[in-house]
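I am opening my notebook to record, entry by entry, what I looked up in this structure.

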Amino acid sequence: MKHGLAPEQIVGWQGVSLRVPPDWSVTGFQGDAKEGYLRIDSPGTLVAEVRWAQAKKAVNVRKRLDDYLNLVERQAKKRKVPFTGRIKPSEEWEGALEFNYRADRKVRGFIRQCPYCRRVVIAQVSGDKDDAVVNVANQLLDTLQDHSEDGWWTWALLGLVVRLPERFALVKSQVMSGYLMLQFRNRYTEVSVERWGLADVTLKRWTLDEWALQATEWRRIRAQPTQGEVEGHPAVHLTGLRRSPTIWLRRKVERFILRRPQEIHGAVWHCEPSNRIYSVRVERGTQELLEQIVASVQCH
């Protein structure tokens, strides 16, 4: 790779994904599949950013880019920073416009509208005056994908890489020191994916079985554990039911009227190479869906 750059780590959010070096970190994410933003910082001063907005029809990407650059220029003027910019058709990205500008940072990026998913994407890499912004942008942005080829989206950040069918929408996320949780829903089916760090510390006090049943969301569920493994890692496979009478009654109605499974299936496993514990839980879904999601997790 040019300049020793190794974009080996995948980052994915809301169906948008790209590859960055392993020491880069996601520092910002917001929005949903229709409109959102993703930021990945290097250990130095380089930053990759992706913005997207869904459009039902073909849009004038030149006008969108002009609007964006005019906003950047106005912000630079407020800081009394000189602004210079250039736009040209991209030779690297089909149907895209390429832009370079310089204000208080050097920036190279592109804008395009995907003919398949209709997303308008603005992606860029910025850096200080001594950074190799153009070379880094060419390598990283070349890996950007704005939709899935197989109907499964990659969700990848902060040590968690998992794939789910794109029909599942993210409804809740929680990021804490050493902990990440993503919760998805598609009609009646819910999927929760969790990742904990410092597993060696956690498992000094608990066995994996004890911890899974008492320290995680499974404590709220009447679960039956069985020993097993996931990709060669020690694991606990769990099947259970919600304890709440209200939820229990709702499950009964769904089972008899809507023919939905009422059980909750899940797996909790300890990945020693990454020193992490992972959990995948599928509520009102099938065992096959659980197995597909668990198999998609790249835990180390």
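Is Y278 buried or exposed? I looked up its relative accessible area, which is 1%, so I noted Y278 as buried; buried means under 20% relative accessible area, exposed over 50%, and partly exposed in between, with a 1.4 Å probe and protein chains only.

Before going on, I noted that this is a predicted model, in which local features need pLDDT of at least 70, side-chain atom pairs count only at pLDDT 80 or more, and totals for chains, interfaces and linings use all residues. Residues are numbered from 1 along each chain as its sequence is written, and side-chain values use heavy atoms, with hydrogens and water left out.

**Entry on the rings.** I found 10 aromatic pairs in the structure; rings of Phe, Tyr and Trp (its six-membered ring) pair if their centres lie within 6.5 Å, and planes under 30 degrees apart count as stacked, over 60 as edge-to-face and the rest as tilted. One of them joins W196 and W211, edge-to-face, with 4.6 Å from centre to centre and 85 degrees between the planes. Because W196 lies in strand 14 (residues 189–196) and W211 in helix 4 (residues 208–214), this pair ties together parts that are 15 residues apart in sequence; helices (H or I, at least four residues) and strands (E, at least two) are DSSP runs, numbered from the N terminus. Both W196 and W211 are buried. I then looked up W269 and Y278, whose ring centres are 5.7 Å apart with planes at 20 degrees, so that pair is stacked.

I traced an open sheet of 7 strands in the order 3-4-5-9-8-7-6, with antiparallel pairing; two strands pair if DSSP finds at least two bridges between them. At its edges I found strand 3 (25–31) and strand 6 (84–89), each of which pairs on one side only. Strand 8 (residues 106–113) and strand 9 (residues 119–127) run antiparallel and are joined by 8 bridges, and I111 stands opposite I122 in strand 9.

**Entry on D41.** I located D41 in strand 4 (residues 35–41). Its side chain makes a polar contact of 2.7 Å with the side chain of R39; such a contact is a pair of N or O atoms within 3.5 Å, where within protein one must be able to donate a hydrogen and the other to accept it, and residues adjacent in sequence count only if both atoms are side-chain atoms. Leaving aside neighbours within four places in sequence, D41 is in contact (heavy atoms within 4.5 Å) with W24, S25, T27, L46 and V47.
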